[in-house]
Amino acid sequence: MSDFSRRKFLKTGAAALAGITIAPSSILGMSHGHVSPTDKLNLAAVGIGGMGHANINNVKGTENIVALCDVDWKYAKGVFDEFPNAKKYWDYRKMYDEMGKSIDGVIIATADHTHAIITADAMTMGKHVYCQKPLTHSVYESRLLTKLAASTGVVTQMGNQGASGEGTDLVCEWIWNGEIGEVTKVECATDRPIWPQGLNAPEKADRIPNTLNWDLFTGPAKLNPYNNVYHPWNWRGWWDYGTGALGDMACHILHQPFRALKLGYPTKVEGSSTLLLSACAPQAQHVKMIFPARDNMPKVALPEVEVHWYDGGMMPERPKGFPEGKQLMGPGGGLTIFHGTKDTLICGCYGEQPFLLSGRVPNAPKVCRRVTCSHEMDWVRACKEDKSNRVMPKADFSESGPMNEMVVMGVLAIRLQGLNKTLEWDGANMCFTNIGDNETLRTCIKDGFTIHDGHPSFNKTWTDPINAKQFAAELVKHNYREGWKLPDMPR
């Protein structure tokens, strides 16, 4: 652990919750605690070398970038150089402690496993947050951020930019208007991963670069020996840090079904994949989730629906009547097929370029609010509005939190596939109801496939049997490393 005082940081956060923080400089003198659209927010950013840089680019110039934090100063150097007046930090907790009284919001684009704790700590300080997708690494973390958003009243936004796109609006309006009838099946796919997956865990440690703080990168996860296979960027395929292709892209591709069909918690899930390893996500996956019937809408019923996810080259069958010679995978490397009783709706990643298989072009009422700026700037707009009449952005945590539970539920289905059954999920209580107290599970530690003198050997190294119920519970709610702790779940 770093030597930064957690007690000091928690004291700062507790003061914010008690409502006695000093207002940031950008809102001093403003009535009702809101900011004029012509005034600038003071923003900090954590995780700036990759998508964080893109997010910053979409707000720079219009807002003040006052603090930057990253655990890899080589990866982040270009952004540090771009904003020489911003204070630089390794540890987000120190940044919050020193800058908490002078920032309005935080952009978070770190590895998946640290999203929740960095976001939750900002929210308890009363700071608005923009967090990259997937919102969290576990179901419990998603539920926590959803409830913290409600209890703190800060403006939140997940970085699934398709939520603010015209395609997503059209998909929702067409379905809500009854254009394709009742939907009982949805199939989604991505062309990811484009980073390595299905790898054996490294057996040796590499020297940690002096520009990287590996302890801070690890954060609440278990501390593995550093290896350059993990960082930068390739962390996404390793279970301790990422959520694989599903976590990376489902927030873009499953979002349209979640919003358009008003989905909540699934009741049943099952997963299958290529070889499942203990440390690394598989090369290809298929997940099936069953969602119960929801309250009908004025123009369409919402019956039970099954949602399928495919990645790593796996694809759904081409729908009957799909044009020959046309690529099934949609724009942006994503595909969603809504199978309706009257028609079939198909769109690409982010809901892009939706169309009906019949060729008909619907003329449905435009009931969705259109976003005419970037996804990030729509968040900024909401941050500046008075809380009493604020219009929340399109992916605020009241929606993206529950939707992210759907995404990480797919990861659970994959990691528990060795139980060889459909898992039954109690969403309200965040637990599986059909895993017995004495059931056990083994996973493959190492794929020992070799070819010697033309003869294949399929030796695999397996874990000892572990208690499946306990393993599932840890996947739902992670046991954080000593020194790292989430805020309590609001009532």
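Arg370 counts as partly exposed, at 25% relative accessibility. In this predicted model, Arg370 pairs with Asp169 in a salt bridge, and their closest N and O atoms are 3.7 Å apart. The two residues come from distant parts of the chain, 201 residues apart. Asp169 belongs to helix H7 (residues 166-176), while Arg370 sits in the loop between strand E13 (355-356) and H11. Asp169 counts as buried because its relative accessibility is 0%, under the 20% cut-off.

The pair does not stand alone. Salt bridges with shared partners join Glu166, Asp169, Glu173, Lys366, Arg370 and Lys394 into one network. Side chains of opposite charge can pair when their charged atoms come close.

How many salt bridges does the structure hold? The count is 29. One of them joins the side chains of Glu63 and Lys384, with an N to O distance of 3.2 Å. Glu63 lies in the loop between helix H2 (51-57) and E2, and Lys384 lies in helix H11 (residues 375-384), so the contact ties together parts that are 321 residues apart in sequence. Glu63 is buried, at 4% relative accessible area. Lys384 also counts as buried, at 8% relative accessibility.

Another salt bridge links Arg481 to Asp215. Their closest N and O atoms are 3.2 Å apart. Distant parts of the chain are linked here too: Arg481 is in the segment after helix H13 (468-476), Asp215 is in helix H8, and 266 residues separate them. Arg481 is buried, with a relative accessible area of 16%. Asp215 counts as buried, at 16% relative accessibility.

## Strand E1, enclosed on both faces

Is strand E1 buried or exposed? Five of the five residues of E1 (residues 42-46) are buried, so the strand is largely enclosed by the rest of the structure. Both faces are covered. Asn42, Ala44 and Val46 are buried on one side. Leu43 and Ala45 are buried on the other. In a regular strand the side chains alternate between the two faces of the sheet.

E1 runs parallel to strand E2 (residues 64-69), and five bridges join the two. Within that pairing, Leu43 has Ile65 of E2 as its bridge partner.

## The nine-strand sheet

An open sheet contains nine strands, ordered E13-E12-E11-E7-E10-E9-E8-E14-E15. Its pairing is mixed. E13 and strand E15 (431-432) stand at the edges with a single partner strand each, so one side of each has no neighbour in the sheet.

At the E15 edge, strand E14 (residues 423-426) and E15 run antiparallel and are joined by two bridges. Asp426 has Cys431 of E15 as its bridge partner. Strands of a sheet pair through backbone hydrogen bonds, either parallel or antiparallel.

## The annotated span and helix H9

The UniProt record, an unreviewed entry, annotates residues 205-255 as "domain: Gfo/Idh/MocA-like oxidoreductase bacterial type C-terminal". In the model, the end C-alpha atoms of residues 205-255 lie 39 Å apart. The span is 31% helix and 0% strand.

Helix H9 covers residues 244-253. Which residues of H9 are buried? They are Gly244, Ala245, Leu246, Gly247, Asp248, Met249, Ala250, Cys251, His252 and Ile253. That makes 10 of the 10 residues, so H9 is largely enclosed by the rest of the structure.

## A nonpolar surface patch

Tyr75, Ile194 and Trp233 form a nonpolar patch on the surface. Together they present about 300 Å² of accessible area. Trp233 is found in the loop between helix H8 (214-218) and helix H9. Trp233 is partly exposed, with a relative accessible area of 37%.

## Cysteines

How many disulfides does a search of the whole structure find? It finds zero. For Cys131, the nearest cysteine sulfur is that of Cys251, 9.8 Å away. Cys131 counts as buried, at 0% relative accessibility. For Cys347, the nearest cysteine sulfur is that of Cys188, 7.8 Å away. Cys347 counts as buried, at 2% relative accessibility.

Methods: Residues numbered from 1 in each chain as written. Predicted model: local features only at pLDDT ≥ 70, side-chain atom pairs only at ≥ 80, totals over all residues. Heavy atoms only, no water. Patch = residues over 30% accessible without salt bridge, like charges linked within 9 Å, V, L, I, M, F, W, Y side chains within 5 Å. Areas by Shrake-Rupley, 256 points an atom, 1.4 Å probe, with all protein chains shown as cover. Salt bridge = Lys/Arg side-chain N within 4 Å of Asp/Glu carboxyl O. Helix = DSSP H or I, 4+ residues; strand = E, 2+ residues; numbered from the N terminus. Buried < 20%, exposed > 50% of the residue type's maximum accessible area, 1.4 Å probe, protein only. Disulfide = S-S within 2.5 Å. UniProt positions renumbered as here; feature names shortened; annotations may be inferred. Pairing = 2+ DSSP bridges.
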